[in-house]
Every structure is written in structure tokens, then in C-alpha cells.
Amino acid sequence: MHRPDHAAHTAATAHHDDRAQFLVVGDETSLTELEAELALLPLCARGRVFVEVGEPAEIVPLAAPMRMTVTWLVRSERSGRPGTAQPCARGEAATRAVRAWTAEMLCDGPGSTRAIVTGAWPLATEVGEHLVECAGMEPGAVSLPSGPR
């Protein structure tokens, strides 16, 4: 199996694809808003959707463009911080997923990434800060909720 070395990606070695990719993040407090945001994406949109919920019973059918991968992150089935016996805290699973996704999927080169973050304010601010401050996304490319919930 071929495993690409993403650390070596540069503008010269990146796949020349100028289409935008999307990262959509939400939690159980924003399922209606999340569904509306996904409905507004173009049918040809590609990217990843992370939805964090507390229990498996909270997973619902979610319509997304065909090239969008939807991943449900169930807190009751995950551990908290590595090396501890703590349960997964609210927002922790989605934040970890976003950090891993950005480390793998954000590279130099053509194309752009747009992020749509919904959900509880602590989750949205932590994910938003990571995308702008750590992953280097432009603030205008990250859509966040308008205020605390």
C-alpha cells in the first residue's frame, strides 16, 4: 500500500486541482443548521463532514453531496485525552478529528479549502482557532457561528 509523504508536499509537487474542498464540522446542538449548510453546497462539492454526538441514538440520516465523507464521532464510544481513563469531553472528538484531517489534507498548491463550523460555541472557537492559527487557513475561509450558545 502506498502511503504519501504529506510533509513533502509543495506547490511544485501538489496535485494540480484548483477545485475547493470543504470541511464541515458540527455537533448534536446544530444538526438542523448542519443539514442546511450541507444543502447549500454544490452537488459536486468534495471534502469531509465531522459530526460529534453523545450517543449512537443521536445519529440521524444526513444528506450530503456525493463526494463528501460524513463521519459520526460518538463521545460515549471514545476515550478522552490519551493516557487517561477520562471519558471523551464535549467537543474533544471533533477537535481531534479536525487536527488529524488538517495535518493530512491541507497542503501547499492550487485549490482552496473552505470550513463551515457549527455547533456549541466552545467547539466552534477551538476548531476555528486551530484552522486559522495552526493550520494557516485564511480567516475569511472559516465560517463560524455568530456567538455563544
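The following exercises, each with a worked solution, concern a predicted model of a protein.

Local features require a pLDDT of at least 70, side-chain atom pairs count only at pLDDT 80 or more, and totals for chains, interfaces and linings use all residues. Residues are numbered from 1 along each chain as its sequence is written, and side-chain values use heavy atoms, with hydrogens and water left out.

**Exercise 1. Determine what confidence the predictor assigns to the model, and where the pLDDT falls below 50.**

Step 1. The pLDDT is the predictor's confidence in each residue, from 0 to 100. Its mean over the protein is 84, and 83% of the residues reach 70 or more.

Step 2. The pLDDT is below 50 over residues 1–6, a stretch that has 2 contacts beyond near neighbours in sequence; contact means heavy atoms within 4.5 Å.

Step 3. Where pLDDT is low, the predicted coordinates should not be read in detail.

**Exercise 2. Identify the buried side of helix α1 and the strands against which its buried residues pack.**

Step 1. Buried means under 20% relative accessible area, exposed over 50%, and partly exposed in between (1.4 Å probe, protein chains only). In α1 (residues 31–40), Leu31, Leu34 and Leu38 are buried.

Step 2. These residues lie on the same side of α1 because they cover an arc of only 60 degrees around the axis, taken from the directions from the helix axis to the C-beta atoms.

Step 3. Thr32, Ala39 and Leu40 are exposed on the face turned away from the buried side of α1. The buried residues of α1 pack against β1 (20–27), β2 and β3 (67–74).

**Exercise 3. Describe the largest nonpolar core and state which element gives the most to it.**

Step 1. A nonpolar core is a set of buried Ala, Val, Leu, Ile, Met, Phe, Trp, Tyr and Cys residues joined through side-chain atoms within 4.5 Å. The largest has 19 residues, of which Leu23, Val25, Phe50, Val98, Val127 and Leu131 touch the most other members.

Step 2. At least two residues each come from β1, α2 (92–105), β4 (112–117) and α3 (121–134). The most are given by α2, with 5 residues.

Step 3. Apart from this core lies another, of 15 residues, including Leu41, Val51, Val53 and Val74.

**Exercise 4. Decide whether Glu52 and Pro139 are buried or exposed, and locate each.**

Step 1. Glu52 is in strand β2 (residues 46–53) and counts as buried because its relative accessibility is 0%. A polar atom of its side chain lies 3.2 Å from the backbone nitrogen of Ala93.

Step 2. Pro139 is in the loop between α3 and β5 (142–143). Its relative accessibility is 53%, so Pro139 counts as exposed.

How values were computed. Helices (H or I, at least four residues) and strands (E, at least two) are DSSP runs, numbered from the N terminus. A polar contact is a pair of N or O atoms within 3.5 Å; within protein, one must be able to donate a hydrogen and the other to accept it, and residues adjacent in sequence count only if both atoms are side-chain atoms.
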